[in-house]
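Welcome! Let's walk through this structure together with a few questions and answers.

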Amino acid sequence: MASRVIPVDPFDLVIFGGTGDLARRKILPGLFRRFIAGQMPANARIIGAARSDMDSAGFRAMVAEAIAEFGGMESPPQAKLDAFLKQIHYVAIDARGEAGWAELQELMKGTDKIEAYYFSVAPALFGDLAERLQQWGMADKQARIVVEKPFGRDLETAQALNATLATYFDERQIYRIDHYLGKETVQNLMAVRFGNMLFEPLWNAQYVDHIQITVAETVGVGGRGEYYDKSGAMRDMVQNHLMQLLCLIAMEPPARFDPNAVRDEKLKVIRALDPVLPHHIIRGQYDADHDDAEGHPNYRDAVGDPRSKTESFIALKTQISNWRWSGTPFYLRTGKRMSARSSEITVVFKETPHSIFAEDAGQHRNVLSIRLQPNEGITLGVTIKEPGPGGMRLIDVPLDMTFSEALGEDAEQVDAYERLIMDVIRGNQTLFMRGDEVEAAWAWTDPIIQGWEARGDVPKFYDSGSDGTTEAFEMMRRDGREWRKVAP
């Protein structure tokens with residue numbers, strides 16, 4: 001199945017932090033793939049802006065190296081690469097000073113193209129960049145800014161950052177990016193829910209026993225130890241990524257597929273979330289890999305703090321106080337150095353109210369599994385009779401729709417950043433967080449963090465390569481349930 005490519009209008013994209021890791025790994029290779037696909041017009045321009053002292057020729061060489069390393073192609077087509085590099089420019093700039101701004105202003109002057117500014121920098125520079133853009137006449141009503149997470153560290157800092165950006169830009173111009181929302185399967189959540197009559201009548205507390213959301217990583221903190229230890233799994237993953245997945249799985253049908261209509265419904269979910277009780281929060285830190293303790297040390301050694309109380313794993317149980325979900329628990333789990341890299345949403349339906357089969361047929365229930373990564377797809381477990389003679393024995397079998405198999409190997413797999421950047425150019429904010437949504441998420445998250453800090457809770461160690469702490473499994477067993485196995 002061939003994907004339909006719709007070209008975007010001519011644009012200028014300025015990437016502040018254009019020499020940084022995110023730009024090299026994701027943004028620039030993603031833009032090249034959109035160029036090859038025919039989605040980028042020939043007169044679009046990509047302008048790198050950073051403190052590094054180089055010229056446009058040097059930046060083009062860096063872009064070519066990034067595409068070769070991270071572009072996902074054995075050998076990029078040279079003619080296409082040469083054409084793409086002609087659209088690349090660079091300005092050495094000081095976010096907090098005056099150097100480079102006159103040159104950038106000159107580059108952006110006199111065009112009627114869409115102007116987008118990607119803040120691929122530390123959040124501390126967001127306000128400085130926004131202010132400079134206004135001072136130099138580039139923050140007009142047609143400009144758009146893309147803001148990377150973390151968007152604040154708590155409610156207070158998120159509100160301050162929102163207020164700062166609002167000084168220079170309208171909300172319709174601000175695109176708070178969460179790359180999870182650009183994943184194909186995440187968007188398919190809405191298609192599955194609202195495009196199929198099969199599921200919507202069952203999507204409520206009457207039929208759903210519970211919902212699990214798992215985002216597991218096999219990597220440790222790596223070179224991000226200093227940053228991560230000030231953040232932890234709750235701030236780094238739950239408050240944004242898992243919260244967004246929870247909203248999409250639980251929200252009411254919007255009146256139309258419109259950015260504000262969708263985000264209004266997501267906001268209602270966050271505001272309806274119950275506070276999390278202390279015994280429904282499990283935190284952990286990964287232990288060293290027993291086979292390679294030097295290469296994979298424990299969490300505290302990795303971050304260089306033998307007294308660290310920051311979690312690399314968290315599991316929690318929450319509920320949503322509204323008519324649709326009252327009484328249905330939502331279990332969230334995320335961690336580093338786990339058994340597999342996997343992101344999955346699992347909807348576990350209730351058992352049939354009355355079984356007509358004998359006890360030896362077993363207890364069975366339907367399970368809808370939505371795999372976000374890897375092997376994106378959707379699996380629905382159904383109950384059938386086990387083949388063969390000897391009575392009625394029931395087994396569960398999957399109805400599997402792995403996207404690469406169902407849609408064909410030729411179906412285009414677009415990276416999340418590619419899709420989201422093109423949405424910025426189109427002016428479509430559906431997959432981006434709104435300011436009040438971010439603040440509501442922090443308003444729910446802050447009391448949880450403040451609670452364990454006040455209690456002096458210390459995370460429990462869990463084995464590297466496991467599915468998390470023993471306590472997380474015990475929390476589920478107390479409820480008569482169990483976690484899905486983390487599978488690649």
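Q: Which residues of α9 do Val186, Leu189, Met190 and Arg193 in α7 meet?
A: In this predicted model, the α7 side of the contact is made by Val186, Leu189, Met190 and Arg193. The contact residues divide into seven nonpolar, no polar and one charged. The partners in α9 are Leu245, Leu248, Ile249 and Ala250.

Q: Are α7 and α9 roughly parallel or roughly antiparallel to each other?
A: Helix α7 (residues 184-194) and helix α9 (residues 232-250) have axes 9 Å apart and pack at an angle of about 10 degrees. Angles under 35 degrees count as roughly parallel. The two helices, α7 and α9, are therefore roughly parallel.

Q: Which element gives the largest share of the largest nonpolar core?
A: The largest nonpolar core has 109 residues, and Leu31, Phe84 and Ile249 have the most contacts inside it. Its largest share is 12 residues, and they come from α9.

Q: Where does proline 150 lie?
A: A cis peptide bond, with omega about 5 degrees, joins lysine 149 and proline 150. Most peptide bonds are trans. Proline 150 lies in the loop between β5 (143-147) and α6 (155-168).

Q: Is arginine 337 buried or exposed?
A: Arginine 337 has a positive phi, near 55 degrees, and its place is in the loop between β10 (329-335) and β11 (342-349). Buried means under 20% relative accessible area. With a relative accessible area of 11%, arginine 337 is therefore buried.

Conventions
Residues are numbered from 1 along each chain as its sequence is written. This is a predicted model: local features need pLDDT of at least 70, side-chain atom pairs count only at pLDDT 80 or more; totals for chains, interfaces and linings use all residues. Side-chain values use heavy atoms; hydrogens and water are left out. Axes are lines fitted to C-alpha atoms, for helices over the stretch in contact, and angles run from 0 to 180 degrees between N-to-C directions. Helices (H or I, at least four residues) and strands (E, at least two) are DSSP runs, numbered from the N terminus. Angles under 35 degrees count as roughly parallel, over 145 as roughly antiparallel, 65 to 115 as roughly perpendicular and the rest as oblique. Contact means heavy atoms within 4.5 Å. Ala, Val, Leu, Ile, Met, Phe, Trp, Tyr, Cys and Pro count as nonpolar, Asp, Glu, Lys and Arg as charged, and the others, Gly among them, as polar. A nonpolar core is a set of buried Ala, Val, Leu, Ile, Met, Phe, Trp, Tyr and Cys residues joined through side-chain atoms within 4.5 Å. Buried means under 20% relative accessible area, exposed over 50%, partly exposed in between (1.4 Å probe, protein chains only).
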